[in-house]
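Dear colleague,

Please read them with the model open beside you.

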Amino acid sequence: MNSIYKKQFKIIKKYLKIKKIISIRFSNTKTTNFKKYNDTACTALARSFKNNIYAYIDRREGQLCSGGDYFLDIAHPSKKEICEVYVKDEKIFQNNTTCNAFIKNLPKYPTAAEKRYILFTPLIKERNKPDVIMFLANPAQASRILGLSVYKKMSYPSIMSALSTCASIYAPLESDSIHLNFIDYYDRYYQGKQKGRLLWKDSDLIISMPFSMFKEIIRCIPLSAHGSFKPKIKPQKVDRL
């Protein structure tokens with residue numbers, strides 16, 4: 001493993017208490033470490049996060065979720081077909097007008113990600129430079145990451161209502177910012193229910209970002225109260241709660 005990534009993982013684990021971090025790379029080649037599983041995009045993410053293993057999506061072959069194929073620019077259904085699912089099959093939107101507005105504002109799949117393979121690697125096992133870093137975190141941890149991200153320069157995370165989980169894979173490259181993803185309801189409670197158990201906790205959030213931003217957040221940990229710096233103000237005494 002690359003000692004730099006191992007050190008970065010240890011810093012995040014120590015100060016932010018986050019233990020689930022994966023590297024995402026877009027590549028036309030892969031090593032034999034990446035085994036073939038029957039997966040959707042969201043279960044491939046869960047597999048890498050939860051089991052600390054290598055996983056991948058072959059964009060030439062696709063994956064098991066038609067929605068994932070759309071978001072990962074593998075398949076190209078018409079707007080009419082997309083609205084058929086969102087409006088009639090899932091009832092996510094009341095009508096096609098709302099659905100079309102959603103489609104219009106979706107993050108575009110970036111040119112840099114137009115490679116055959118999407119590779120998921122636990123950061124502690126990574127040997128190559130990541131394109132995207134992804135955390136599985138709770139709300140308190142997410143708050144600290146967002147706080148660290150604005151220590152030197154104000155910025156805003158990309159968040160979108162009703163967005164798919166798999167968009168978190170590439171959205172940071174399209175926006176060049178942190179992406180906060182709440183994990184799609186279907187991925188949590190339907191696709192994410194395997195053998196009677198849920199793959200995702202209700203407290204789980206996904207935070208993804210370009211690798212360059214991840215490195216900057218690491219550097220800010222000792223400088224900010226969102227990291228390890230101890231604030232010089234004291235809490236106020238209040239009546240007993």
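In β4, the side chains of Val132, Met134 and Leu136 point one way while those of Ile133, Phe135 and Ala137 point the other way, and all are buried, where buried means under 20% relative accessible area, exposed over 50% and partly exposed in between, with a 1.4 Å probe and protein chains only. The strand is thus mostly covered, six of its six residues being buried. Please keep in mind that this is a predicted model, in which local features need pLDDT of at least 70 and side-chain atom pairs count only at pLDDT 80 or more, whereas totals for chains, interfaces and linings use all residues. Residues are numbered from 1 along each chain as its sequence is written, and side-chain values use heavy atoms, with hydrogens and water left out.

β4 belongs to an open sheet of six strands in the order β2-β3-β1-β4-β8-β5, with antiparallel pairing; strands (E, at least two residues) and helices (H or I, at least four) are DSSP runs numbered from the N terminus, and two strands pair if DSSP finds at least two bridges between them. The edge strands, each pairing on one side only, are β2 (55-58) and β5 (179-181). From one strand to the next the twist averages 20°, with axes fitted to C-alpha atoms (for helices over the stretch in contact) and angles running from 0 to 180 degrees between N-to-C directions.

Five bridges join β4 to β1, antiparallel, and among the partners are isoleucine 22 and methionine 134. With β8, β4 pairs in the antiparallel sense over six bridges, and here valine 132 has proline 210 as its bridge partner. β8 (residues 205-210) is also joined to β5 by three bridges, again antiparallel, with isoleucine 206 partnering asparagine 181.

Helix α2 (residues 41-51) packs on the sheet and touches β1 (20-27), β2, β3 (117-122), β4 (132-137) and β8, its direction making about 130° with that of β1; contact means heavy atoms within 4.5 Å. Helix α9 (residues 211-220) lies across β4 and β8, running at about 100° to β8.

Finally, the largest cavity is lined by Leu146, Ser149, Ser155, Tyr156, Pro157, Ser177, Ile178 and Met213, a lining residue having an atom within 4 Å of a point on a 1 Å grid where a 1.4 Å probe fits but cannot get out.

With kind regards

Conventions
1 Å grid on protein atoms, 1.4 Å probe; cavity = no way out; pocket = protein on both sides within 12 Å on 5 of 7 lines; lining within 4 Å.
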